[in-house]
Amino acid sequence: MNFKPIVALNADYRPARKDSPAFSYLCAGYYDSVARAGGIPVVIPPMEEMSDLERLLDMVDAMVLVGGADLDPRFDGFMLHPSLRVLDKRREGFDRKLMRHVAERRMPVLGIGAGLQLLNVGIGGNLSLHIPEALPKALPHTDPFVPA
């Protein structure tokens, strides 16, 4: 009997605001794409207990690190550029831990946008903090789902 692979996807996070509670979310295109490709998507919110994350990773076959706002370059020794819209601290802290666990396990992983940037800096790479300044002829890089 052939089993479909279980593919985990990290969720985005928005902290509580005066008029609404904190919540995690994920654009449907991510998990719909995993399903269309033959996988079973499982969404992972930013978890506090790393032992819970370890147990969850024992049950999945692969990982998708999704896009979102920008990584905070100060975590990697760089200055904050005024054009950046950084990820919430809870999401970024969790995503960095998640990426380390995935790398240690040598799991299949797909990084998209911020997820790919996370993989890059996680293995010692660096980032262009503002593409229009660093590469003026590059295609525009925006995420329509990240509020300006």
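Two strands count as paired when DSSP finds at least two bridges between them. Keep that in mind as you explore this predicted model.

**Stop 1: the sheet**

Start by colouring the strands. Four of them form an open sheet in the order E4-E1-E5-E6, and the pairing is parallel. Now select residues 40–44, which are strand E4, and residues 109–111, which are strand E6. These two strands stand at the edges with a single partner strand each, so one side of each has no neighbour in the sheet.

Next, pick out strand E1 (residues 6–10) and strand E5 (residues 62–65). Three bridges join E1 to E5, and the two run parallel.

**Stop 2**

**Stop 2: two helices crossing**

Show helix H3 (residues 89–105) together with helix H4 (residues 114–122). Their axes come within 10 Å and cross at roughly 60 degrees, and the crossing is right-handed. To see the contact, display Asp-95, Arg-96 and Met-99 of H3, then Leu-118, Leu-119, Val-121 and Gly-122 of H4. By class, this contact has four nonpolar, one polar and two charged residues.

**Stop 4**

In soluble globular proteins, nonpolar side chains tend to be buried together. Here, the largest nonpolar core has 18 residues; select Leu-57, Met-63, Leu-65, Leu-98 and Val-102, which touch the most other members. Helix H2 (50–58), E5, H3 and H4 each supply at least two residues of this core, and the largest share, four residues, comes from H3.

Zoom in on Leu-98. Beyond its neighbours within four places in sequence, Leu-98 is in contact with Asn-10, Leu-53, Leu-57, Met-63 and Leu-65. A second, separate core has eight residues, including Leu-26, Val-34, Val-64 and Val-66.

**Stop 3: Arg-91**

For the last stop, select Arg-91, which lies in helix H3. Is Arg-91 buried or exposed? Arg-91 counts as buried, because its relative accessibility is 0% and buried means under 20%. Leaving aside neighbours within four places in sequence, the residues in contact with Arg-91 are Asn-10, Ala-11, Asp-12, Tyr-13, Pro-46, Val-66, Gly-67 and Gly-68.

Key. Residues numbered from 1 in each chain as written. Predicted model: local features only at pLDDT ≥ 70, side-chain atom pairs only at ≥ 80, totals over all residues. Heavy atoms only, no water. Axes fitted to C-alpha atoms, helices over the stretch in contact; angles between N-to-C directions. Left-handed = near helix turned anticlockwise from the far one by under 90°. Contact = heavy atoms within 4.5 Å. Nonpolar A, V, L, I, M, F, W, Y, C, P; charged D, E, K, R; others polar. Core = buried A, V, L, I, M, F, W, Y, C linked by side-chain atoms within 4.5 Å. Buried < 20%, exposed > 50% of the residue type's maximum accessible area, 1.4 Å probe, protein only.
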